[in-house]
Amino acid sequence: MSLSSGQLDHIAPGVRRLVARNPGFMTGPGTNTYLVGDGPYLVIDPGPEDEVHIERILQETGRHIEAVLATHTHPDHSPAAGTLARATGAKVMGKPAPVHGRQDAGFAPSNVLNDGDRVTVGEYALRALHTPGHASNHLCYLLEGAGLLFTGDHLMQGSTVVIGPPDGSMGDYLRSLERLQKEPATRIAPGHGLVIEDAQAEIVRIVAHRLQREAKVVERLSRLGSSSVATLVVSVYDDVDPRLHPVAQGSLLAHLLKLEQDGRVLRDSSDSNALWSLKHPSHPPR
C-alpha cells in the first residue's frame with residue numbers, strides 16, 4: 001500500500017488519516033492529519049496552512065471539532081490549527097513553539113499539554129506523552145485502550161527522523177524512545193507514511209540503529225583523529241545518498257553533542273567549523 005496527497009483512510013475504529021497536500025523531500029506523501037472520534041472530533045496535526053486541506057478537514061468532521069492537537073510546531077504540522085479553531089470554536093492544544101529551529105511561531109495553544117494530560121472526546125481518550133528529541137516540545141498521543149500511538153515526527157514509516165540541534169537532542173530522543181517502551185503501545189500512527197504495525201519492535205529497531213550510528217561516529221573519529229562535522233558526515237553516513245548529507249549533518253552534530261555530554265569527545269571551539277576528537281583515543285597495539 002502507498003499513500004498520496006489528499007488520501008483518506010480508516011486506520012482504526014474511530015480514527016481516520018487524511019494526507020495533507022504537502023508532498024516533498026522531507027514530508028514523503030505529505031503530513032498525516034488524524035481525525036479521532038465519531039463526532040465531535042479531535043484533530044491531530046492539522047498540517048500546513050493549505051486552504052484545500054483545511055476545507056477537507058472541515059468537511060470530514062462536519063465542522064464539529066472539539067480540539068485541534070499538535071505533536072510539535074514544525075511548519076508542516078501545526079499552522080492550520082488557528083484557522084480550524086476560528087472556523088469551529090475548537091480548542092488548540094499542545095506545547096508552545098520553542099525559540100530555536102524552524103517553528104510555527106503563530107501556534108498559540110489555549111490549553112498547554114503536559115506529560116500525562118488526557119484529552120477526551122466521546123468514548124475516546126488520548127494521553128499526552130512528552131517525547132523531546134526531534135523537537136523539544138514534541139508530544140506523542142496514546143489512544144487509550146487501543147494501543148495506537150500517534151508519534152508525529154518522533155517515529156515515522158520508511159525513514160529515521162532528523163535530530164537537529166539546538167532544539168533537537170539525541171540524548172533526549174533516546175530517553176524518549178526508552179520511555180515509550182514502557183507504554184502499552186502496539187501500533188504507530190506516524191506523522192508521515194503508513195501505520196507501523198508492531199510498535200515495540202520498531203522502537204527497539206530505531207534505538208539499535210541510533211546506537212550503531214553512534215558507535216560508527218566513535219570508530220570514524222578514532223581512525224581520523226579529529227574532524228569537522230562537514231568532513232565527518234561523508235564517512236559516518238557513507239551508507240546514505242550524498243544528497244542527504246546536508247540534512248544528515250544535523251543528526252551527526254546531535255550524536256557528537258550527546259557524546260560530548262557523555263564525556264567521550266572533545267571539540268576545539270564552539271563554532272560550526274569546530275574539530276571534534278575522542279577524549280580518550282585508543283591506539284592499536286604495536
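A residue is called buried when its relative accessible area is under 20%, exposed when it is over 50%, and partly exposed in between, using a 1.4 Å probe and protein chains only. The model is predicted, so local features need pLDDT of at least 70 and side-chain atom pairs count only at pLDDT 80 or more, while totals for chains, interfaces and linings use all residues. Residues are numbered from 1 along each chain as its sequence is written, and side-chain values use heavy atoms, with hydrogens and water left out.

**Salt bridges overall**
- A salt bridge is a side-chain nitrogen of Lys or Arg within 4 Å of a carboxyl oxygen of Asp or Glu.
- The structure holds 24 salt bridges by this rule.
- One network of salt bridges links Arg213, Lys216, Glu219, Arg220, Arg223, Asp238 and Asp239.

**A pair within a helix**
- Arg56 and Glu60 form a salt bridge at 3.5 Å, N to O.
- Both belong to helix α1 (residues 51-61), four residues apart, which means that about one helical turn separates them; helices (H or I, at least four residues) and strands (E, at least two) are DSSP runs numbered from the N terminus.
- Arg56 is partly exposed, at 27% relative accessibility.

- Arg127 and Glu144 form a salt bridge at 3.4 Å, N to O.
- Arg127 lies in strand β9 (residues 124-130), and Glu144, 17 residues apart from it, lies in the loop between β10 (139-143) and β11 (148-152).
- Arg127 is buried at 18% relative accessibility, whereas Glu144 is partly exposed at 30%.

- Glu183 and Arg179 form a salt bridge at 3.2 Å, N to O.
- Glu183 is buried at 14% relative accessibility, while Arg179 is partly exposed at 24%.
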